[in-house]
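Visitor: Please show me the structure, and let us then discuss it in questions and answers.

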Amino acid sequence: MELFQLLAAALAGGTVLLFGMLGGIFTERSGVMNLAIEGYMLLGATISYSASASSGSPWIGLLMGAVAAAILGILHAIICISLKADQVVSGLATNFVGTGVSLVLGANLTSLVGTVPLLPSVAFPKLLELGWIGEGLYTLTKQSIMVYIGFVLIPIAQWYLTKTRPGMHLRAIGENPEAADAMGINVNGLRYVYTILGAALAGIGGAAISIAIYSGWFSELTTNGRGWICVGLVIFAQWNPVRGAFGAYFFGILSRLVLDLKIPATLFGGLVANPFFLHPNYTFFLEMLPYFFTLVVMIIGANSAKAKHIGAPSALGRPYSRGEKGKQ
Amino acid sequence: MVRKFSVLLVLVAILVAVVPAFAQEFQIPEIVEGKTNVAVVLIGPINDGGWSQAHYDGAVYMKENLENANVVYIENIPEGTESEQVFRSLAAKGFDVIFGTSFGFMDPMEAVAEEFPDSYLIHVSGYKDNGENFGNLMGAMEHMKYLAGYLAGQRAKMDGENVLGYMYTFPIPEELRLGNAFMIGAKKTCPECTMIVTPINSWHDPILEKEAAKALFDKGAYVVFTGADTPAPAEVAEEYAEGNGKWGIPYDWSGSCVSPRCLTLPYWYWGPIYTSIVEGIVDGTYTPGRHYFDGDAKGLGLVGFMEGEELPEGLKDMPEEVLEYVRNYIADIEAGKINRFDIFAGPVLDNKGEVVVPEGELMEDADLDTFDCTEMGCKYGMHWWAEGIEAELP
């Protein structure tokens, strides 16, 4: 049962990261750096929360959250695709704009707590009739609809990137925009599309926090750095959605594991004493675990990527102008 | 390429340095000549639904009840050096009384009090004072936590449950004191009840608070109470529809008991306390020092039992004698018949079966806020978990 509870919490916690991470992958696969995920997520969280409250429909809220983040994505796109400015600086600036706007717009939203319509949850009570395993599965599947949407999105994103023609175009403009241009693909047009799409996905990730999984608006603590974890996950994923999804859910498992390790006196059904129970001060170290793990995985991942010659899209961070190949 | 990259790095560095600097230009309000100028400095926003909002209400109360006073507040002030600038600016402008409401404001306030002997700085929480113009202020919340525990035990007993849960913020004496008071109360109505606990190592992290509450509920806790700011336990309790469901007890601000699964809520009522301090300073009758107010100062509340409050849903079906006990207790502390030491009156047992306070003995002020009595010169201290709490000492 405890395992199912752990996995259920991991699915919920991972889903929040999943959307931002997928958004990051789409944008960066097209050759545009995406460091503004935190800003997009926060704006998505704010706007979806307030739109859900004022319209009475969480689905309209979700849509508005995605649209608001997409509009912010247009700003990032104009700066780094049309104006060809530095993508790192633009990403950071866009992030500040997103954060600032959401803090201003969200200043009075905290008082709405409890009155905002939330996206529905899904549960299968029939499972409860199947004994303890059914009870476990019931716990595991009793999730916000966003968890299901996120789960379905992973194979779709993978399939789109690797098996479809538009997905091939996407990879082409990120790896070799000159060749793609020669093939008649509108490089900058498509980069606009994927920068905006990536922003919208991150905005949906923010909405998944505020009107679905954690429900509420808590100023900058709503995302509390989760957007930056998404940036790390994109690199860990080596720009691959399935790999990234594993990372996101695993991060969810670790976050919950930290909490589970703080409470019981013994572990593994009483086999060993729990050191974090015996010494509550050790829990400070325990809380470093997810971040420490991220570091370790990044180091391992970077080595294996080097060995297999995979990694960042070749044209990542490089604006494209026709006839200027090689000119930096 | 290298040059371009270094330019970029410089740009980023400038951005990182400049943006927070702009963000932290706090607006310092002006004083009004000829009035008593009072400022309340808050760590969070005025609508956080918890600690800061309760203090903001205190500022509003002063505005309405103090004669000839100019009361202002400043929100979202981070602890550390930024707060020192804010306190210094307020004192330099001529504010007469400045309340600082976060633990980390303590040292900055002490430093500023030294520089501006004409301003009175009152620090809520913490432990320092200079006996002249820098005072310390806190209250006996253990009364309300005790009563909340009493009601939580009753709820569990009635519903055939026996596990309670406590998410405490940091391993500090205050959090052990409040948790022990809750458990001692719960044992009165539910002798077989036990309590599981988890440290969350934060005062205010809404999402973490929700996850921690969920972890406690999943581990079997029926009623969870919190030492942190947000009403997370009550909100998360709503997700449990099976069986008896779950209950949460939030903290700090009276308006945060809106969830249908909020059993009750112990809260602060700073207005009368603040007002009497400012009046005392104006009269010259108040000397800042260690000011730990008890129930008779009327600065404490429990949702469902104060004037004009209705019983929350989870208390309505409780036996009348239980509710009567709570009402009488509140009447007694307000009348000064019971004080905070009565909660920990001997015999008090810890969770290892050892006697902490023997029969007929009482704790003293220093015991309530001290881990290590060898340093502070107290007798019992607060480095123990009450009987029934499943936890080890920090």
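Visitor: Which residues on the other side of α10(B) are exposed?
Guide: The model under discussion is a predicted one. Helix α10 of chain B covers residues 320–334, and V326(B), Y329(B), I330(B) and I333(B) are buried in α10(B). They cover an arc of only 95° around the axis, which places these four on the same side of α10(B). On the other side of α10(B), the exposed residues are E320(B), E321(B), E324(B) and N328(B).

Visitor: How far does α10(B) reach from its first C-alpha to its last?
Guide: Helix α10(B) has 15 residues, and at 1.5 Å a residue the expected value is 21 Å. The helix is followed by G336(B), whose phi is positive, near 80°. From first C-alpha to last, α10(B) comes close to the expected value, with a reach of 21 Å.

Visitor: Which element gives the most to the side of chain B that touches chain A?
Guide: The contact between the chains takes 35 residues from chain A and 32 residues from chain B. On the side of chain B, the elements that give two or more residues are α1 (2–23), β7 (194–199) and α7 (206–218). With nine residues, the element that gives the most is α7(B).

Visitor: How many charged residues does the side of chain B that touches chain A have?
Guide: Chain B contributes 32 residues to this contact. By class, its side has 17 nonpolar and five polar residues, and the number of charged residues is 10.

Visitor: Which helix provides the largest share of the side of domain 1 of chain B that touches domain 2 of chain B?
Guide: The domain assignment of chain B gives domain 1 as 36–139 + 269–299 and domain 2 as 142–268 + 304–390. Their C-alpha centres lie 27 Å apart, and the contact takes 16 residues from domain 1 of chain B and 19 residues from domain 2 of chain B. The largest share of the domain 1 side is three residues, and these come from helix α2 (residues 51–65) of chain B.

Visitor: Is A248(A) buried or exposed?
Guide: A248(A) is located in helix α11 (residues 241–260) of chain A. Leaving aside residues up to four places away in sequence, A248(A) touches G14(A), L17(A), L18(A), M21(A) and L233(A). The cut-off for a buried residue is 20 or more other C-beta atoms within 10 Å. Because A248(A) has 28 C-beta neighbours inside 10 Å, this residue counts as buried.

Visitor: What separates the C-alpha atoms of E175(A) and D260(A)?
Guide: E175(A) belongs to helix α7 (residues 165–175) of chain A, and is partly exposed, with 16 other C-beta atoms within 10 Å. Not counting residues up to four places away in sequence, E175(A) touches P313(A), S314(A) and A315(A). D260(A) is 85 residues from E175(A) along the chain, and their C-alpha separation is 43 Å.

Visitor: What value does phi of N201(B) have?
Guide: N201(B) occupies the loop between β7 and α7 of chain B. This residue is buried, with 20 other C-beta atoms within 10 Å. Although N201(B) is not a glycine, its phi is positive, at about 55°.

Visitor: Which residues does a cis peptide bond join in chain B?
Guide: P347(B) is found in the loop between α11 (340–343) and β13 (348–349) of chain B. With omega at about 0°, the cis peptide bond joins G346(B) and P347(B).

Note on methods:
Residues are numbered from 1 along each chain as its sequence is written. Chains are lettered from A and ligands numbered from 1 in the order in which they are written. This is a predicted model: local features need pLDDT of at least 70, side-chain atom pairs count only at pLDDT 80 or more; totals for chains, interfaces and linings use all residues. The expected span of a helix is 1.5 Å times one less than its number of residues. A residue is buried if 20 or more other C-beta atoms lie within 10 Å of its own, exposed if 12 or fewer, and partly exposed in between; C-beta atoms are placed from the backbone. The arc is that of the directions from the helix axis to the C-beta atoms. Two residues are in contact if their C-beta atoms, placed from the backbone, lie within 7 Å. Ala, Val, Leu, Ile, Met, Phe, Trp, Tyr, Cys and Pro count as nonpolar, Asp, Glu, Lys and Arg as charged, and the others, Gly among them, as polar. Domain bounds come from an automatic or database domain assignment.
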